[in-house]
Amino acid sequence: MKILFICTGNTCRSPMAEGICNSIYSEKEIIAESAGICAQIGAPANQLAIDACKDIGVDISAHRATSLISVINNNYDYYVTMTPQQKDLLVHLKLEPKKLLVLGKGIDDPYGGTYDDYIKCRNDIASALKELINQIT
């Protein structure tokens, strides 16, 4: 199963979701990738996101931002956004509504915040991923 996690810039939330998902759920044959709606292509993951994931044994240091438009047609089973507003945008891109999901009730953007904000974001993502994986597998 292929999942695309989507956020705004593809440097914080979606790379954390991708990394955590691939690390924890690899035995379920899930392949997670990520992209950003407004990504600066090739930008590295935010250092605080890298550090927050490293604390739980997940390495996202090699991540480079990808634009949603460049991967939108890669036949994903699910497109998982970080906010309901991002999901609404995908509806306008003519993707199958049953493939569009929001991670949890939405994940707050830690960009510009403190390390504690990134830890909270990471924990929110990990918790919401458990629910998501149970829902789709």
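Q: How many bridges join β1 to β3?
A: In this predicted model, strands β1 and β3 run parallel. One of the pairings involves I6, whose bridge partner in β3 is T81. The number of bridges that join β1 to β3 is four.

Q: Which residue of β2 is the bridge partner of C7?
A: Strands β1 and β2 pair in the parallel sense, over six bridges. C7 takes part in this pairing, and its bridge partner in β2 is G36.

Q: Which residue in β4 is the bridge partner of Y79?
A: Strand β3 covers residues 78–81, and it pairs with strand β4 (residues 100–102) in the parallel sense over three bridges. For Y79, the bridge partner in β4 is L100.

Q: What is the geometry of the pair formed by the rings of Y76 and Y79?
A: The structure holds one aromatic pair. The ring centres of Y76 and Y79 are 5.6 Å apart and the planes meet at 75°; planes over 60 degrees apart meet the criterion, so the pair is edge-to-face.

Q: What span should helix α1 have at 1.5 Å a residue, and how far apart are its end C-alpha atoms?
A: Helix α1 comprises twelve residues, 13–24. The expected span is 1.5 Å times one less than the number of residues, which for α1 gives 16 Å. The end C-alpha atoms agree with this expectation, as their separation is 16 Å.

Q: Which elements do the buried residues of α1 pack against?
A: Nine of the twelve residues of α1 are buried, so the helix is largely enclosed by the rest of the structure. The buried residues are R13, S14, P15, M16, A17, E18, G19, I20 and C21. The elements they pack against are β1 (2–7), β2 (31–36), α2 (47–54), α4 (84–91) and α5 (115–136).

Q: Which side chains make polar contacts with the side chain of S34?
A: S34 lies in strand β2 and is buried, with a relative accessible area of 7%. Its neighbours in contact, not counting residues up to four places away in sequence, are L4, F5, N10, S14, P15, E18, H63 and T66. A polar contact of 2.6 Å joins the side chain of S34 to that of E18, and another, at 2.9 Å, joins it to that of N10.

Q: Which backbone oxygen does the side chain of H63 reach?
A: H63 is found in the loop between α2 and α3 and counts as buried, at 11% relative accessibility. Not counting residues up to four places away in sequence, H63 touches N10, P15, E18, S34, A43, P44 and A45. Its side chain reaches, at 2.8 Å, the backbone oxygen of N10.

Q: What is the C-alpha to C-alpha distance between I69 and T8?
A: I69 lies in helix α3. At 60% relative accessibility, I69 counts as exposed. I69 and T8 are 61 residues apart in sequence, and their C-alpha distance in space is 12 Å.

Q: What is the phi of E29?
A: E29 is placed in the loop between α1 and β2. With a relative accessible area of 64%, E29 is exposed. E29 is a residue other than glycine, yet its phi is positive, near 55°.

Q: Is N75 buried or exposed?
A: N75 is placed in the loop between α3 and β3. Although N75 is not a glycine, it has a positive phi of about 55°. The cut-off for an exposed residue is over 50%, and at 65% relative accessibility N75 counts as exposed.

Key
Residues are numbered from 1 along each chain as its sequence is written. This is a predicted model: local features need pLDDT of at least 70, side-chain atom pairs count only at pLDDT 80 or more; totals for chains, interfaces and linings use all residues. Side-chain values use heavy atoms; hydrogens and water are left out. Helices (H or I, at least four residues) and strands (E, at least two) are DSSP runs, numbered from the N terminus. Buried means under 20% relative accessible area, exposed over 50%, partly exposed in between (1.4 Å probe, protein chains only). Contact means heavy atoms within 4.5 Å. Rings of Phe, Tyr and Trp (its six-membered ring) pair if their centres lie within 6.5 Å; planes under 30 degrees apart count as stacked, over 60 as edge-to-face and the rest as tilted. A polar contact is a pair of N or O atoms within 3.5 Å; within protein, one must be able to donate a hydrogen and the other to accept it, and residues adjacent in sequence count only if both atoms are side-chain atoms. Two strands pair if DSSP finds at least two bridges between them.
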